[in-house]
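Here is a colleague's note to read beside the model. Please keep the viewer open and check each point as you go.

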Number of protein chains: 2
Amino acid sequence: MQMEPLAKSRTLADQAMDMLVEAILRGDLEPGERIAEATLARNLGISRGPLREAISRLEGKSLLVRKPHVGVSVASPSAGEIIEVFQMREVLEGLACRMAAKQMTGIELDRLERILGDHSTHSDLQDGRAYYQSSGDYDFHYQIIVASRSKRLIDTLLGDLYQFIRIFRYRASAKPGRAQQAFREHMLILDALKARDPAAAEAAMRAHVARATETLRIALQEHRDPRDEHRASA
Amino acid sequence: MQMEPLAKSRTLADQAMDMLVEAILRGDLEPGERIAEATLARNLGISRGPLREAISRLEGKSLLVRKPHVGVSVASPSAGEIIEVFQMREVLEGLACRMAAKQMTGIELDRLERILGDHSTHSDLQDGRAYYQSSGDYDFHYQIIVASRSKRLIDTLLGDLYQFIRIFRYRASAKPGRAQQAFREHMLILDALKARDPAAAEAAMRAHVARATETLRIALQEHRDPRDEHRASA
DNA sequence: GTCGTGTCAACTGTTGACAGTAATTTTGAT
DNA sequence: ATCAAAATTACTGTCAACAGTTGACACGAC
């Protein structure tokens, strides 16, 4: 019999990293907020070494930024940078969807259809906003991304990029009616996948994410970020 | 009078990181090779702390991989993973090219045209292979990526992804005649950019990178990687 | 009152030593 | 000779203390 070690030899730095990401996601650490190493390490019951290591790794993923001899702080991307990330997500998820169309199994397609079926009967959908911006939308995209079978793509979209996006609660900025529209777009994507039409699947996914980006852009313009002023005007 | 700080407060960890990347690019550290922290730190004249920090950052960028309690080693992606990165590059550079088409200045277009002009008269081009796989091709893509004005896109394509790709010298695997074809493809891209046609520019760039990927795929099949066997067969 | 300078405290950057784990070698039995 | 188990070794993971830099504050000159 062969089994995985229960605790995968998780090092303190690993735990500290997870804990940091959690804290940022939960909102305990706000974007731009500085992190005092010594204090945080004491609170976690570890020394500064492993904590610094966790910080360095997140720094490599641009979730944290460090100013030499000053300190690390949670990344605080401007509205423009968030849009940039969404644009990248558009083409990358398009790619994932194209690949998924080629190699998705029947079982995976069924699962996707079932997820969408659950959505349609879910009460939140009728209500409007919340659902698509929380787990429902996530599940749909998640399944497709995993179906791409591309290790790097999965890591990027489900790991780095997704966490980066999730930090900033701009999900809340969905417009009323966006949920229903998104649901219809999901249907179109599913159709293309079932038809095993890579080009159509990619186009449908790109259109879907592009619309979400557009909605986001409008929402962001309402609470402007001064850092974007200098490059607007075009 | 305004001036840059002389030495940008570069920390030992920063220098160690650059040094590591350099060493990997130069080939001093081969893919899969393990890194002995203590030894390397001594050779660099620093202690293990900053070195570990540099390692952690590169770990976050998946240039190095760490196995707990065993050690770090240079990432050694399988042929399949390299193809995956190229596929991501295809859509991301396509995006960059689309954005560049919208906002490139006349000066930038001139510079690009000049680069291409240099290429056409460059002796290596007539010879065949080497040129496009070295700095020439890089310059062309570099200019377009920068012209996208997207901070994240530039970081990803010119930083993380590019270094990752560069580590593995599969550039050498270009086929004879590929250089001339690539040159023609560059011309098409430039045409679309000059016409300020975003869709055409994106399509042209995607086609260009897709062809390079295909060439690479063929070259990689010759020296197979055993790790890809299980997922082949399709 | 404003500007510039000097001092100070708090924090980060770095170090060397210790503890713990995984691989290797050695030893012993079959 | 082959294999298994135990001891050794070499490395990583972790810690606590030291050194250096930064930004703030107070003081003094203009």
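Is B:Glu37 buried or exposed? B:Glu37 is buried, because its relative accessible area is 13%, and buried means under 20%. Bear in mind that this is a predicted model.

1. **The surroundings of B:Glu37.** B:Glu37 belongs to helix H2 of chain B, which covers residues 37-44. Its side chain makes a polar contact with the side chain of B:Arg48, at 3.0 Å. Now look past the neighbours within four places in sequence. There B:Glu37 is in contact with B:Arg48, B:Leu51, B:Arg52, B:Ile55 and B:Arg66.

2. Turn to A:Glu37. A:Glu37 counts as buried because its relative accessibility is 13%. A salt bridge links A:Glu37 with A:Arg52, and the closest N and O atoms are 3.0 Å apart. A:Arg52 sits in helix H3 of chain A and A:Glu37 in helix H2 (residues 37-44) of chain A, so this pair ties together parts 15 residues apart in sequence. A:Arg52 is partly exposed, with a relative accessible area of 24%.

3. **The layout of chain A.** Step back to the whole chain. Chain A has 11 helices and 3 strands. Along the sequence, the pattern runs α-β-α-α-β-β-α-α-α-α-α-α-α-α. Chain A has 234 residues, and 49% of them count as buried. Next, take the contacts in chain A between residues at least 6 apart in sequence. Of these, 76% join residues at least 24 apart. Chain A exposes about 11,800 Å², with 52% of that supplied by carbon and sulfur atoms.

4. **The interface by area.** Now bring in the second chain. In all, 34 residues of chain A are in contact with 34 residues of chain B. The two chains bury about 2,900 Å² between them, and 51% of this is on carbon and sulfur atoms. In chain A, the residues that lose the most area to chain B are A:Glu53, A:Met88 and A:Arg152. Together they account for 22% of what that side buries. As background, interface size is often given as the accessible area lost when the parts come together.

5. **The interface by pairs.** Which contacts cross between the chains? The rule finds 12 salt bridges across the interface of chain A and chain B. The count of residue pairs in polar contact between chain A and chain B is 12, with both residues at pLDDT 80 or more. Four elements of chain A each give two or more residues to the side that touches chain B: helix H3 (48-60), helix H4 (79-103), helix H9 (151-167) and helix H11 (198-222). H4(A) gives the largest share of that side, 11 residues. By class, the side of chain A that touches chain B has 10 nonpolar, 8 polar and 16 charged residues.

6. **Salt bridges to inspect.** Side chains of opposite charge can pair when their charged atoms come close. A search of the whole structure finds 42 salt bridges over all chains. One of them joins the side chains of A:Arg206 and B:Glu202, at 2.8 Å from N to O. Another joins A:Glu59 and B:Arg57, at 3.7 Å from N to O. This second pair crosses from helix H3 of chain A to helix H3 (residues 48-60) of chain B. A:Glu59 counts as buried because its relative accessibility is 16%. B:Arg57 is also buried, with a relative accessible area of 6%. Salt bridges that share partners also join A:Asp14, A:Glu53, A:Arg57, B:Glu37, B:Arg48, B:Arg52, B:Glu59 and B:Arg66 into one network.

7. A:Arg26 forms a salt bridge with A:Asp28, where the closest N and O atoms are 3.0 Å apart. A:Arg26 is exposed, with a relative accessible area of 53%. A:Asp28 counts as partly exposed, at 48% relative accessibility.

8. **Backbone points to check.** A:Arg149 has a positive phi of about 65°, although it is not a glycine. A:Arg149 lies in the loop between helix H8 (135-147) and H9 of chain A. A:Arg149 is partly exposed, with a relative accessible area of 35%. B:Arg196 has a positive phi near 55°, and this residue is not glycine either. The loop that holds B:Arg196 runs between helix H10 (178-194) and helix H11 (198-222) of chain B. B:Arg196 counts as partly exposed, at 37% relative accessibility.

Note on methods: Residues numbered from 1 in each chain as written. Chains lettered and ligands numbered in written order. Predicted model: local features only at pLDDT ≥ 70, side-chain atom pairs only at ≥ 80, totals over all residues. Heavy atoms only, no water. Buried < 20%, exposed > 50% of the residue type's maximum accessible area, 1.4 Å probe, protein only. Contact = heavy atoms within 4.5 Å. Areas by Shrake-Rupley, 256 points an atom, 1.4 Å probe, with all protein chains shown as cover. Buried area = accessible area lost by both parts, 1.4 Å probe. Salt bridge = Lys/Arg side-chain N within 4 Å of Asp/Glu carboxyl O. Polar contact = N/O pair within 3.5 Å; in protein donor to acceptor, adjacent residues only side chain to side chain. Nonpolar A, V, L, I, M, F, W, Y, C, P; charged D, E, K, R; others polar.
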